[in-house]
Number of protein chains: 2
Amino acid sequence: MTEANTLISNTQSLTDTVLEALEDNNQDVLHSTFLNLEASEIVHLLESIPDSLRGALWEYIPEEFNGEVLVELGDVARVSLAKYLDHGQVVDAVSDLDTNDLADVVDTLPDEFGDAIRQSLDFHGLQNLEACLAFDEDTAGRLMETDAIAIRSDVTLEAILRYLRKKETIPEHTMGLMVIDREGLFLGELPLSKLITSSPDKHVSDVMDTEALSVPPEMPQNELAVLFREHDLTSMPVVDEGNKLIGRITLDDMIEILDEEADRQILGAVGLDEEEDLFSPVLPSAKRRLFWLGINLATAFLASWVIGLFEGTLEKVVALAVLMPIVASMGGIAGSQTLTLMIRGLAMGKISSSNQRWLAYKEITISIISGVVWAIVVGCISYLWFQDIKISLVLGSAMVINLAVAAVAGFSIPLLMKKAGIDPALAGGVALTTATDVVGFVSFLGLATIFLL
Amino acid sequence: MTEANTLISNTQSLTDTVLEALEDNNQDVLHSTFLNLEASEIVHLLESIPDSLRGALWEYIPEEFNGEVLVELGDVARVSLAKYLDHGQVVDAVSDLDTNDLADVVDTLPDEFGDAIRQSLDFHGLQNLEACLAFDEDTAGRLMETDAIAIRSDVTLEAILRYLRKKETIPEHTMGLMVIDREGLFLGELPLSKLITSSPDKHVSDVMDTEALSVPPEMPQNELAVLFREHDLTSMPVVDEGNKLIGRITLDDMIEILDEEADRQILGAVGLDEEEDLFSPVLPSAKRRLFWLGINLATAFLASWVIGLFEGTLEKVVALAVLMPIVASMGGIAGSQTLTLMIRGLAMGKISSSNQRWLAYKEITISIISGVVWAIVVGCISYLWFQDIKISLVLGSAMVINLAVAAVAGFSIPLLMKKAGIDPALAGGVALTTATDVVGFVSFLGLATIFLL
């Protein structure tokens, strides 16, 4: 019996143990440690140690896990690990992989590995690989497993059980058997639970689920996630336009998809790739982040240029320089709330054309309430500070304007970007803060120029 | 056969259809629409329409789904829906719920509903409810289902199958049967796949998994998520200190947990509750967001106060007012990348005491590279703009300082908060931008005061 309450701390001590053993070059400890690990634990370990040390651990990974480990590593981690491996090692590792896992590896590693792998496949394997790669990344066709057990509907459950016992094993994460007709067309699913609890002399057609949902191979993974959550599914058969069964998406594939979609929003909001590897080497990481900082620098200079238009005003009333960041930053904070809710709502499939109007109304109403409340607060504080009622009024007015604009921006930016085919999770934040900075500075300094000079 | 590729657009048209029918008070359309929906579709629909309209839809929800719908709604949505229901309706709705779902409802609705529900339970039901509520929210004990099928190890698989056929149904999301001994102590799991593919005359003890992980009821859900991902589990038995089986966490419970953990970081970063309801009424939403804006306003005034210390400098060199937001904002952007990676890394269980040193080294190195690169860039741009080499040097130096500080802050804030028991996903961002704003303004304006005046 393994007590999991000790496992969490064990996980972190596992990392410590291995790092220590690597430092001391203690091969015995490394060998014995790895013998006791499952593939997913090895992946977790590799992702928790510095990139340069991962190559050194490859030889300790039990051979039967090599492929699984390569597959389950994040893309960035996989590429950087491959720098320490030769073609032969990678070809050996992937030799037992399912087609969709193989496609993932081939697609993300440098071409030299892809070529070596292709050369190692037989005709059938190569055909399967190219068929899989023909689908776009992150679609059902690319993610599906092709190992579903398919059965006919006119047999008894007794016969099915005998068949499965002869097979001795069924594919992992099977919760139901796919039912097809003579031409391979998808008819429905037979849940394992029904197979077990129904009388064996019943026929598959008596107990199968004919309402089972199926998806086309082109469906992108974010739509799969919406369907999955909404219909409480346990598996998803994939069918072509002729309704022929070509694969299935399993529950644990879905969990990976949900994690990736979450990462996309969490990391995308700060300009990081959702495959970002915590321990990837310094220089590639630096390059990736520099691009994002560059874009933000450009928007920062835009805001500075806007401020520069009011140099004259600032020279005369220096209190404005002290107070101006307040309006801009409050707009950014409030707008980010609206933006984040919209992006998450779109990802979860909750935004439709008819509820948009109500949402827009709600967000703008909240922003006006906020704007008035905070306008009064900041007006009072600035009066206590500078004893100038005009500055307070200008500050308060700019606050209301900017918060209202922030709500409109936070609401519309994701919708407009989605229409334009841009991922709002990545670019939405930059667009929003650019808008709230510019409007914030223009409204505050502009009103000040008009009313204070 | 239901083609799912039409389902996505159907979902959004569903919302439109219902909203239209409500507007026209078209009861026939509403009745027939709801007859064709599953519980999870109803929940999705309710979460996609304005709060005030949800109460009106309650009567159209098929009675057998009432409880499930109440349970699956987010906490905020559930509370606002309950405003339109009387005690009797809620008590009827929850009458068939499992204990953990009942506990969720009782815990989140106003006390009047909780009391009404308690009064409707028999002694046994009440005991179960209080036992469940005794566990902290978001722990295994609160989340577990208590309906696991438990079997003995000394029986044949044939006997198990006969038993299950007599039961006719097994609990949803069962992927394995729990094996216990005479005293109810947990021995292992019998996966359904093994039950189906093994010879029926074998005994449970021959084919069961004795290495099955189990968790204590106190384990918090974020640790459950780490274990789950890392060990590729399909279910988690929950055992007390005496190793007695008391419940199980199912796969779809886990998916809810993963979604919540993701929401916590996504929404927490902008000061929203992870249960935030897109369509909750305006006033409660406004109140929740005002609190967050208030905190950020305080930090904005802190930054203003810091700028105010350099009023004299700003009066003399107005170009400083134009350029100063650049340093502060770049620090915030870069620091957010480090912060977000750390928070996500901590949530995924990838940060341990021995890899922290390497991570800190990596983040600070990247920040110095970034700092130098951008210092040169902004220095050149500001020289082209203001033709003042001293301003450029001051700007560049402040950039390097602030980016380095941002990296240190982004790295340490989550670790310090975690030690202090604060959730870094919520408070980390505010702490970071406060630090980068203050350091940004102080370094830029401070250096300017020293070298330009």
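**View 1. Helices α20(B) and α21(B) in contact.** In this predicted model, the axes of helix α20 (residues 353–386) of chain B and helix α21 (residues 389–419) of chain B come within 8 Å and cross at roughly 155°. Helices are DSSP runs (H or I, at least four residues), numbered from the N terminus. Axes are lines fitted to C-alpha atoms over the stretch in contact, with angles from 0 to 180 degrees between N-to-C directions. α20(B) and α21(B) are therefore roughly antiparallel (over 145 degrees). Their crossing is right-handed (near helix turned clockwise from the far one by less than a right angle). The contact residues of α20(B) with α21(B) divide into 19 nonpolar, 8 polar and 1 charged. Ala, Val, Leu, Ile, Met, Phe, Trp, Tyr, Cys and Pro count as nonpolar; Asp, Glu, Lys and Arg as charged; the others, Gly among them, as polar.

**View 2. Helices α19(B) and α20(B).** Helix α19 (residues 319–347) of chain B packs with α20(B) at an angle of about 160°, their axes 12 Å apart. That makes α19(B) roughly antiparallel to α20(B). The crossing is right-handed.

View 3. A:Gly421, with a positive phi near 80°, follows α21(A).

**Notes.** Residues are numbered from 1 along each chain, and chains are lettered from A in the order written. Local features need pLDDT of at least 70, side-chain atom pairs 80 or more, and side-chain values use heavy atoms.

Key. Helices (H or I, at least four residues) and strands (E, at least two) are DSSP runs, numbered from the N terminus. Angles under 35 degrees count as roughly parallel, over 145 as roughly antiparallel, 65 to 115 as roughly perpendicular and the rest as oblique.
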